[in-house]
Amino acid sequence: MTDVITPPLGGTGILGPPVVEVAEYYGHEEHGPTGLLRWLTSTDHKVIGKSYLITSVILMLIGGLFALVIRLQLASPNSSLVSFAQYNELFTMHGTLMIFLFVGPFAFGGLANYIVPLQVGAPDMAFPRLNALSYWLYLTGSMTMMMGFLVAGGAASFGWVGYAPLSNATNSPGLGGDLWIMALILTGFSAIFTGVNLVGTIFYLRAPGLTMFRMPIFTWNMLVTAILILIAFPVLTAALVMLFCDRHFGTHIYSVQGGGSPVLWQNLFWFFGHPEVYILALPFFGIVTEIIPVFSRKPVFGYKGMVFATLSIAALSTGVWAHHMFTTGVVLLPFFSLLSLLISVPTGIKFFNWIGTMWRGQIHYSTAMLMAIGFLITFLFGGITGVMLASPPIDFFTHDTYFVVAHFHSVVMALVMAAMAGIYYWYPKMTGRMLREDLGKVQFWLLFVGTQVCFMPQYLVGLHGMPRRIAQYTTVPSWQTLNDVSTVGAFIIGASFLVLVINAFQSWRKPVLAGDNPWDAHTLEWFTTSPPPHHNYSHLPPIRSERPTWDYHHPDAPALHPHGEAHPSDGAEKVLGSS
Amino acid sequence: MDVWRDARHTRSLPAGGPQPPADAGRPSPPNRFGLVRSKLSSVRARRLVPLAILAPIVLAGCQVPDFGAYKGSTSQGHDAYKLWQGFFIAGIVVGGVVLALILWAVFRYGRRRDGVPRQTQYRHGIEIFYTVVPLVIVAGLFVFTVITENEVDAIPKSQVTIDVTAFQWGWQFYYPSTGKVVVGETLQAPQMVLPVNEAVTINLESADVIHGFYVPEFNFSRYAQPGVLNRFNFNVLHTGVYRGQCTQLCGLYHSLMIFSVKAVSPGNFDTWVHQTSGRLPTIGQLKAQIHANGPGA
């Protein structure tokens with residue numbers, strides 16, 4: 001901890017005062033513009049976090065609309081709702097929006113920005129101006145991406161993976177591809193800066209008493225995500241710059257004619273792309289790991305094991321990229337197969353942590369908890385099919401078919417459920433208002449049922465040989481039934497998001513106040529007001545475990561350690577002695 | 001004192017009835033209590049291990065379902081199919097156990113009263129158990145993967161070689177032994193003819209972007225890439241016509257890039273391959289034609 005930014009807190013000893021004042025140090029009066037100008041100029045992590053969340057959810061809704069058009073197109077074998085060219089643009093932009101502009105920015109731009117400083121007891125991110133720059137890069141990047149639809153030749157249409165040489169100037173001429181490259185470079189820098197900021201915040205701005213192994217799992221996962229961002233995104237940015245050079249400056253980095261190699265693009269892209277999968281997933285694992293303990297009223301089961309599982313996932317994730325390239329014939333199959341299979345072990349550990357946390361808990365079926373349970377089940381399907389795909393002989397006949405599409409949509413829809421869990425869980429903290437639980441449960445059931453109805457048939461149609469990214473299947477009309485079921489499911493998912501919009505609208509028109517800690521939650525952010533004041537805390541509770549707010553409200557119920565005794569530093573000796 | 005202890009615990013104790021309240025003087029009753037429970041769970045879990053190992057073997061004795069996949073019309077594809085069955089059964093067993101645990105926890109431990117359950121955080125025995133067992137399962141899956149992979153990727157000597165060139169948006173099949181050529185684009189899907197029950201070597205390449213050579217019923221696909229020559233073997237088991245399609249996005253008419261494979265008796269193949277193909281357009285001519293007039297014109 002540096003001296004400069006550590007607030008002058010007293011009472012860090014076990015017998016110290018229960019609450020320490022920090023208000024005099026930071027103050028929480030915000031002096032600055034109000035209204036729209038505040039949103040445009042703020043360096044407050046909460047304002048930036050909310051900007052990220054709103055922007056990313058809007059982009060998700062747009063990407064979702066693209067998906068609905070795609071599903072409508074596939075509802076009959078030779079539909080001409082959209083042309084081949086438009087279809088290619090739609091799925092390219094659907095994937096790009098969801099992966100690059102929604103899932104990631106929602107998690108590490110939005111939630112992490114808002115929650116991590118609160119969870120570590122900091123007044124803001126380590127570099128507030130850099131944080132603002134991240135958001136504006138993200139917004140301009142997103143707008144650059146969307147502008148593709150306005151230029152001649154349309155948006156990028158070479159798939160979200162942009163495989164060379166399809167993405168070169170000969171095969172994909174036009175501004176759409178260039179805008180795609182530029183947009184990803186902009187949002188890539190946004191992600192890198194956010195990664196730097198998160199690492200800085202977590203390493204240097206933790207409140208006194210908040211040791212690394214007292215950090216909430218959400219913060220842990222954001223730290224690991226940030227490190228993965230710093231490993232993966234520069235590679236993507238460099239690869240994109242080289243692609244741009246190939247397109248415009250006559251280099252031949254990815255073209256055979258000039259002695260380059262198209263496989264190089266795949267290696268670089270997936271060296272980014274596979275850590276990216278975990279950059280997307282880890283924050284959502286973190287969300288779920290906040291929610292399950294709170295609504296089971298228990299500490300995270302196997303907290304330290306879970307941290308090491310996260311670290312092993314991150315380490316392994318840098319060595320599995322070529323499992324996307326099993327059918328190229330130019331990668332060492334056993335190595336990448338083994339590492340890919342191994343990654344299921346720490347992921348499995350997390351499952352048992354979540355189950356162990358619920359075990360003998362007292363589970364409250366709030367919307368957030370239901371969404372978290374929906375995540376567990378949907379992610380289980382995605383995980384099991386992922387293990388199958390890690391085996392090259394099985395990947396050979398499922399690669400680039402709807403089986404793979406269904407697999408990663410099971411995974412990302414699980415993440416979407418976790419995102420919704422996060423929204424229902426933290427919305428009261430961010431706005432001071434509750435979302436309606438009845439509407440929330442309607443949304444959960446629509447989302448959960450819609451997801452399975454949409455993607456289960458895709459597993460089957462993929463096994464029947466339907467390739468991905470095709471606009472028509474005239475020659476095999478028997479695929480239609482499964483596709484129709486899938487389309488119905490997609491519209492059920494679409495309806496679930498309407499419910500979310502209605503719910504947010506309701507909370508705006510008929511607010512129900514949340515109070516500071518509506519869930520009887522564990523972590524520090526629930527100790528301050530909802531929404532928190534400008535610099536987050538006027539006072540902090542003593543931090544003796546990863547559950548300072550819980551410890552404060554339940555001094556008689558500390559976490560029990562391996563053999564049932566309370567942790568010595570929890571100050572619970574008397575409780576133990578009297579039991 | 002007992003605030004955080006769940007009353008239900010006592011009900012699930014195997015014997016001994018409720019926790020005696022009089023042992024306040026003992027060092028740590030939750031300790032003993034916890035040990036009993038953890039032993040019990042691991043005994044239960046240990047019973048699951050033979051089940052998990054036996055289930056595939058027992059099931060293999062019966063008619064194992066195809067789980068939606070093709071049985072594989074080549075010997076290589078059939079090997080992949082058997083691996084698929086094994087993985088799927090392992091997936092059902094592991095996924096089923098995990099799903100059952102999730103659902104049990106969710107439904108069994110619903111909140112019925114206010115109060116705080118026992119704040120258990122660590123059980124080292126269970127934690128080691130659920131780390132080691134998946135490692136063992138993964139080791140098993142990996143062994144079977146490598147065995148099958150070596151069978152699928154083996155390139156034995158073969159009498160018949162076919163050079164396949166993918167292009168936007170069609171396929172050319174060239175038989176170097178006789179110079180026979182088949183070529184076609186999009187709606188005029190070309191047909192590859194090969195002999196049944198014979199090892200056939202395919203040399204796969206692309207003339208432009210990356211394509212995917214995929215015959216669903218062979219349970220096999222491989223990228224056709226510019227500058228990379230991919231070689232693999234087929235041994236088709238039954239005569240018949242098999243659908244094939246490009247799987248890797250290759251531009252505008254990717255959806256239409258289909259072909260078929262016709263497996264015939266070796267005698268018929270010999271006759272066919274010696275017939276001259278007549279005058280055929282080159283790949284370049286076909287590409288120019290698609291770009292000018294659209295597909296299948």
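In helix α9 of chain A, the residues A:Y303, A:G305, A:M306, A:V307, A:A309, A:T310, A:I313, A:A314, A:L316 and A:S317 are buried, where buried means that 20 or more other C-beta atoms, placed from the backbone, lie within 10 Å of the residue's own. This is a predicted model, in which local features need pLDDT of at least 70 and side-chain atom pairs count only at pLDDT 80 or more, while totals for chains, interfaces and linings use all residues. Residues are numbered from 1 along each chain as its sequence is written, and chains are lettered from A in the order in which they are written.

Let me stay with this helix, a DSSP run of H or I with at least four residues, numbered from the N terminus. Its 15 residues, 303–317, should span 21 Å at 1.5 Å a residue, and the end C-alpha atoms are 21 Å apart, which agrees; the expected span is 1.5 Å times one less than the number of residues. The buried residues of α9(A) pack against α7, α8, α10 and α11 of chain A, and also against α4 of chain B.

That brings us to the other chain. In all, 85 residues of chain A are in contact with 77 residues of chain B, contact meaning that the two C-beta atoms, placed from the backbone, lie within 7 Å. On the side of chain A that touches chain B, α11(A) gives the most, with eight residues.

Finally, chain A as a whole: buried residues make up 63% of its 579 residues, and its C-alpha trace spans about 75 × 50 × 45 Å along its principal axes.

Methods: Helices (H or I, at least four residues) and strands (E, at least two) are DSSP runs, numbered from the N terminus. A residue is buried if 20 or more other C-beta atoms lie within 10 Å of its own, exposed if 12 or fewer, and partly exposed in between; C-beta atoms are placed from the backbone.
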